[in-house]
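Hi,

Here is the structure I promised to pass on.

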There are 2 protein chains.
Amino acid sequence: MSTAPVRFWERTHNNGELRESDGDATVTLNGWVDRRRNLGALLFVDLRDRYGKTQVLFDPDVLGDEQYNVAKSLRDEFVISVQGTVRVRRGKEAGKGDTGAVEILATKLMLVTRSKPLPIVLEGKEQAGEELRLKYRYLDLRRQDLQRKMIMRHKVDLATRAYFDERDFLNVETPVLTKSTPEGARDYLVPSRVHPGEFYALPQSPQIFKQILMLSGYDKYMQIVRCFRDEDLRADRQPEFTQVDIEMAFASQDVLFPLIEEWVAQLWRDFKGVEVSTPIARMTYADAMEQYGVDRPDRRFTLKLSTISDLLEGNEGAPFTAANALEDGTIKALFVPGDVTRMSRKVLDGYTTLVRSFGLGGLLWGKVTGDSASGAAGKFLSAEELASVRARFAELNGHDASEDGVLMICAGKTKSVNDALSRLRLKIGQDLSLYEEGTFEFVWVVDFPMFDWNEDEERWDPTHHPFTSPLPGHDGLLETDPGAALSDAYDLCCNGLELGGGSIRIHDPEMQARAFRAIGLTDEQAEHKFGFLLEALSYGTPPHGGMAFGLDRIVMLLAGTDAIRDVIAFPKTQRASCLMTTAPSTVDLPQLEELHLWPVPVAGLAAQGEDETLDGRG
Amino acid sequence: MSTAPVRFWERTHNNGELRESDGDATVTLNGWVDRRRNLGALLFVDLRDRYGKTQVLFDPDVLGDEQYNVAKSLRDEFVISVQGTVRVRRGKEAGKGDTGAVEILATKLMLVTRSKPLPIVLEGKEQAGEELRLKYRYLDLRRQDLQRKMIMRHKVDLATRAYFDERDFLNVETPVLTKSTPEGARDYLVPSRVHPGEFYALPQSPQIFKQILMLSGYDKYMQIVRCFRDEDLRADRQPEFTQVDIEMAFASQDVLFPLIEEWVAQLWRDFKGVEVSTPIARMTYADAMEQYGVDRPDRRFTLKLSTISDLLEGNEGAPFTAANALEDGTIKALFVPGDVTRMSRKVLDGYTTLVRSFGLGGLLWGKVTGDSASGAAGKFLSAEELASVRARFAELNGHDASEDGVLMICAGKTKSVNDALSRLRLKIGQDLSLYEEGTFEFVWVVDFPMFDWNEDEERWDPTHHPFTSPLPGHDGLLETDPGAALSDAYDLCCNGLELGGGSIRIHDPEMQARAFRAIGLTDEQAEHKFGFLLEALSYGTPPHGGMAFGLDRIVMLLAGTDAIRDVIAFPKTQRASCLMTTAPSTVDLPQLEELHLWPVPVAGLAAQGEDETLDGRG
């Protein structure tokens with residue numbers, strides 16, 4: 001009901017729309033001044049919005065002097081409204097891009113808003129450092145590259161919702177203000193004003209709620225949901241992250257895996273143009289650890305690890321006897337077939353430094369040519385042992401037993417050996433370009449152990465979470481040999497990354513109570529924390545299971561970036577700060593009093609809190 | 001890779017799927033035992049899942065004694081797997097519902113899980129009280145009525161996403177751990193472990209982030225997003241709620257309203273089978289307050305209010321002179337045309353009690369028949385005054401000036417009079433069935449004031465939020481007469497409920513600074529709280545605006561319920577508790593220490609915190 005001055009002219013088209021067929025049309029465009037060329041008698045401006053760019057021509061004879069002076073005053077990132085006529089550009093005059101075939105001869109110009117000169121460069125090589133770009137995130141978000149990633153994220157989100165909706169999955173929203181669930185990380189807490197001394201926890205996952213939905217008969221559930229972990233952050237973690245959360249009743253691996261595989265195949269087809277061959281291979285956790293040293297194998301290249309303790313049984317070499325003397329020691333090797341000259345002494349020294357960083361004494365390497373080996377491997381292994389090791393790897397990796405190659409042996413604690421060799425394997429894969437960029441190798445890892453031994457607390461911790469079902473037939477081990485019990489948990493991995501994980505859950509209240517006992521909870525503690533779940537399970541609970549996928553990570557893979565901050569509009573630093581809004585921040589004392597809180601003065605910590613760096617670890 | 005005992009048989013169909021055409025098929029079904037009839041020689045079970053019910057027939061001759069004994073042991077809510085043959089039921093044998101034409105003759109039965117007898121009745125009139133149903137929410141969620149509402153919510157969510165996606169709106173996720181924004185309510189705070197003494201706030205809305213996205217060039221944004229308010233809750237409020245959040249660049253009411261109207265029309269068409277006539281009427285805030293006494297008019301019936309102070313100028317009646325003596329007094333009336341015998345003395349006494357509850361002295365009513373009026377209206381009004389009042393209402397509500405009816409006058413403070421008469425108007429609308437259930441009347445309310453006077457703090461508060469643009473031409477009033485300045489804010493209302501609200505935002509940093517000053521922020525305070533926004537606005541910000549809709553409320557209207565807990569899977573009580581999980585709850589001291597917190601002991605409050613009632617106000 002306003003009649004007063006207009007703020008802009010309503011656009012008839014966006015800047016990605018106009019084509020030759022629009023020639024001679026009268027149009028109105030809005031956008032940002034992207035580039036200017038002043039030819040004296042004429043002025044060209046590239047007008048930009050999310051959809052593209054359009055060249056606008058300002059001619060003083062058409063525009064009149066007053067408006068032409070406005071046009072001359074335009075600077076980068078000014079926002080304008082333009083009315084004009086579409087002109088078709090011919091031959092070499094035609095510009096690049098979809099809208100390059102036309103330009104607008106401006107007949108009217110409105111300067112909508114000015115812009116100060118930008119404090120950071122948006123495109124090109126002189127990009128500002130990450131800290132500055134996070135402070136000016138609102139400018140960095142103007143970069144076409146980031147906009148494309150955000151648009152891809154939007155489309156992946158929608159495609160995922162449509163896929164699961166078509167298969168009867170219901171999006172049910174679960175609470176953010178909820179009760180602590182033990183997912184292994186610290187909870188973010190929210191003090192209650194109404195209930196003094198009590199706290200909500202932000203969910204690490206909606207695990208219990210989705211199980212509740214299954215026993216409530218919702219059958220199939222999918223939510224794209226924010227989750228929270230108060231952890232010291234690694235490069236690819238954020239304090240809040242988005243999970244594609246799935247659960248279904250009457251689920252088994254055989255029901256669930258094909259469903260997930262078709263979804264993943266559809267995403268990779270639609271967003272990468274890549275065909276994922278299904279069914280995706282399955283591999284046990286035990287095999288993954290033996291062959292790749294890690295539970296998220298990168299199978300883009302074949303180099304497999306092998307334990308060779310059995311082949312070196314009589315060997316008296318000092319590194320081997322030392323490893324064998326350990327309670328949990330092993331001797332494990334990697335064989336890189338092919339021309340041994342590809343690996344210089346310097347490179348191998350680098351590899352040695354790498355494995356030492358995992359606490360091992362060193363890397364026992366040897367270049368194997370003809371029948372003999374150089375280096376430590378040559379020194380410590382008999383000809384017979386060398387032959388048997390070569391035969392082992394020839395079979396494992398599918399090459400000829402006589403092939404030359406570099407043998408690398410690690411001896412020491414099993415965990416250190418696996419950590420070092422899995423890392424070394426990836427490094428060699430990169431260094432020797434053993435795979436092509438743009439390939440994707442998926443694998444299911446199954447049959448995880450139920451429990452990991454927690455040395456500090458001297459108890460068994462759940463490997464997945466305490467609601468995970470043992471493999472059928474393994475439940476008897478919960479009381480007799482927890483370390484040997486395998487679970488019905490599974491991960492889907494791609495290129496050495498875990499895309500998602502899940503499990504078939506315990507649906508029997510008795511079994512759930514036994515699982516709580518196995519991780520050292522007394523019945524009283526279990527009742528206090530999970531009494532409502534144990535009770536809920538007792539009213540006719542269907543077998544059920546599900547998965548959770550990191551949406552951020554999936555979009556990273558599809559967008560071809562290894563920076564999680566590239567796929568999150570407003571990310572936080574590794575110290576969990578938003579440099580743009582400066583959150584977290586201090587609050588007024590009355591606010592704290594209302595929440596019945598008083599911050600504890602912690603000597604020395606206040607100063608540390610101000611040291612905001614991207615790469616620091618909190 | 002497991003070979004051990006199966007937990008269930010994988011279903012071939014769900015319980016809503018089988019039809020006559022499936023006759024003689026061999027099928028496997030899973031589900032809950034919903035109803036049993038034991039005919040001695042035969043046993044019938046209705047098997048239930050989310051999709052429907054299927055009758056299963058157990059015959060000992062087919063099943064064998066052992067399995068038949070299992071069938072006989074079945075109780076309500078047991079979960080079973082059944083294999084069998086589809087049999088077509090003919091004539092009066094055929095049951096109700098989609099799957100009533102068939103039944104399954106069971107050939108194999110697996111008892112999957114048992115159920116204890118349910119502590120609450122799921123269907124029928126003996127439903128448990130709400131407190132018990134919230135404790136056993138997982139059982140209450142099994143009710144078909146609640147399941148239907150959750151499924152509708154899922155579909156409304158998806159339809160909304162599709163609608164805005166088709167119109168280039170991007171779903172961009174905004175942070176949950178963020179900085180306090182002043183939306184008028186208390187923030188929920190989250191203490192930071194890494195930054196001692198600092199806090200995140202949970203967003204009351206993503207207001208600033210969506211504005212940032214506009215100046216970052218994202219053009220159109222839509223998010224279905226959880227928001228948080230730590231308020232003392234009313235019946236239709238929850239501490240966390242879901243918002244359909246919309247923002248677009250180069251927006252005006254004329255651009256935005258048709259977009260919203262088409263979305264609303266589509267929802268009402270698809271989910272209610274109701275055609276919403278567009279364009280939806282617009283009405284100013286001033287007119288809404290005058291005619292309906294409230295800014296969210298229920299226009300399902302026409303009775304309009306009218307100020308009649310001007311018609312009673314010389315009247316010396318005590319109630320009128322008292323009202324005129326007030327600084328902010330008014331005399332306002334409602335006229336209900338038609339047979340006056342519809343309103344008994346008892347009913348009118350009730351109305352009087354109602355208006356008194358708003359702090360007024362009473363209701364001056366009179367039955368107007370022929371040329372005269374009974375009651376207080378007859379006593380205080382001259383024949384001439386009565387005639388002019390009748391003429392006023394005849395014109396306003398479109399009836400004949402000579403029509404009989406009941407006149408009701410309130411005199412007192414304007415706010416009390418409006419509150420009382422608007423409430424009375426709704427009551428009369430219900431009592432006299434002045435509208436049909438199932439009708440929906442939408443209206444835009446526009447031209448809200450920029451500011452409300454805050455008596456306690458003696459300052460102007462923003463009526464909408466401090467980022468709202470003045471109406472074009474009204475910005476000069478910010479400094480000279482803030483109370484007279486109108487804003488470019490608007491609400492969409494339906495049947496007396498606010499569905500959503502929004503505004504055109506301030507896109508000029510200077511204007512934003514002036515708006516902050518108008519609400520009493522010093523430049524230093526504005527810089528401290530919103531410095532990044534003021535800076536961001538200075539780099540070429542397009543005019544922009546948007547809206548936010550309560551998804552919960554929209555689903556309530558579409559589902560035909562007035563209980564918000566019916567459309568939220570896991571709602572909280574009015575004391576912000578989850579009775580199912582018992583959140584909030586106490587946490588371990590080490591957790592608090594790590595967060596640098598120490599709860600303040602508050603005398604008397606701890607005991608109060610334990611008094612958990614649904615209807616109490618915290």
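Is F530(A) buried or exposed? F530(A) is buried, with a relative accessible area of 2% (buried means under 20% relative accessible area, exposed over 50%, partly exposed in between, with a 1.4 Å probe and protein chains only).

Before the rest, some housekeeping. This is a predicted model, where local features need pLDDT of at least 70 and side-chain atom pairs count only at pLDDT 80 or more, while totals for chains, interfaces and linings use all residues. Residues are numbered from 1 along each chain as its sequence is written, chains are lettered from A and ligands numbered from 1 in the order in which they are written, and side-chain values use heavy atoms, leaving out hydrogens and water.

Now the aromatics. Over all chains there are 46 aromatic pairs (ring centres of Phe, Tyr and Trp, the last by its six-membered ring, within 6.5 Å; planes under 30 degrees apart are stacked, over 60 edge-to-face, the rest tilted). One of them is F467(A) with F530(A), edge-to-face at 5.6 Å centre to centre and 85 degrees between the planes. F467(A) sits in the loop between β18 and α14 of chain A and F530(A) in helix α16 of chain A, so the pair ties together parts 63 residues apart in sequence (helices, H or I of at least four residues, and strands, E of at least two, are DSSP runs numbered from the N terminus). F467(A) is buried too, at 0%.

In chain B, F257(B) and W444(B) are stacked, 3.6 Å centre to centre with 0 degrees between the planes. F257(B) is in helix α7 of chain B and W444(B) in strand β16 of chain B, 187 residues apart, and both residues are buried.

As for the nonpolar cores (buried Ala, Val, Leu, Ile, Met, Phe, Trp, Tyr and Cys joined through side-chain atoms within 4.5 Å), the largest has 122 residues, and L202(A) and L202(B) are among those touching the most other members. A second, separate core of 46 residues includes Y163(B) and F549(B).

Chain A also has a closed barrel of 5 strands, β1-β2-β3-β5-β4, with mixed pairing (strands pair if DSSP finds at least two bridges between them). Strands β1 and β2 of chain A run antiparallel, joined by 6 bridges, and N38(A) has L43(A) as its bridge partner in β2(A).

Finally, chain A is divided into four domains, including domain 2 (148-282 + 443-567) and domain 3 (301-434), with bounds from an automatic or database domain assignment. The centres of those two, taken over C-alpha atoms, are 37 Å apart.

Cheers
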